[in-house]
Amino acid sequence: GAQYEIDVGAARDEDASDWVLGDPYARDALLQVLQVVVAPEVALPVAIDRLLLRGPSPSGVGVRRVSCRLEGRDGSTLVGAVDAWQDGTCVERLEG
């Protein structure tokens, strides 16, 4: 696994309160972070099997600590999980 930090909702002029499922730019970063774990292979995210949102509004801003892990492989398909933590709480998890 690996750990990183992303800054959610920062440096954009958009109104984050309109984002029903949270920051789409941060979510894209979460999708891409698993690439670091499988390097030097090239991996492109194709699906999220399960998205869990917890805690405060997912549209909130701030720094989130991100951890990711490779959970399995089925031929050329890689399966992983990514957790985003804010203030000691896992606020978002992507699985699959």
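Author: D83 and R93 meet through their side chains in a salt bridge, at 2.4 Å from N to O. The term salt bridge here means a side-chain nitrogen of Lys or Arg within 4 Å of a carboxyl oxygen of Asp or Glu. D83 sits in strand 4 (residues 77-86) and R93 in strand 5, so the pair ties together parts that are ten residues apart in sequence. Strands (E, at least two residues) are DSSP runs, numbered from the N terminus. D83 is buried, at 4% relative accessibility. Buried means under 20% relative accessible area, exposed means over 50%, and partly exposed is in between (1.4 Å probe, protein chains only).

The model is predicted: local features need pLDDT of at least 70, side-chain atom pairs count only at pLDDT 80 or more, and totals for chains, interfaces and linings use all residues. Residues are numbered from 1 along each chain as its sequence is written, and side-chain values use heavy atoms, with hydrogens and water left out.

D83 and R93 belong to a network of salt bridges that also links R69 and E71. E71 and R69 form a salt bridge at 3.3 Å, N to O. E71 is partly exposed at 49% relative accessibility. R69 is partly exposed too, at 30%.

Another salt bridge joins E95 and R50, with the closest N and O atoms 3.9 Å apart. This pair links distant parts of the chain: E95 is in strand 5 (residues 89-95), R50 is in strand 2 (residues 50-53), and 45 residues separate them. E95 is partly exposed, with 23% relative accessibility. R50 is partly exposed at 46%.

Across the whole structure, the search finds seven salt bridges.

Terms used
Helices (H or I, at least four residues) and strands (E, at least two) are DSSP runs, numbered from the N terminus.
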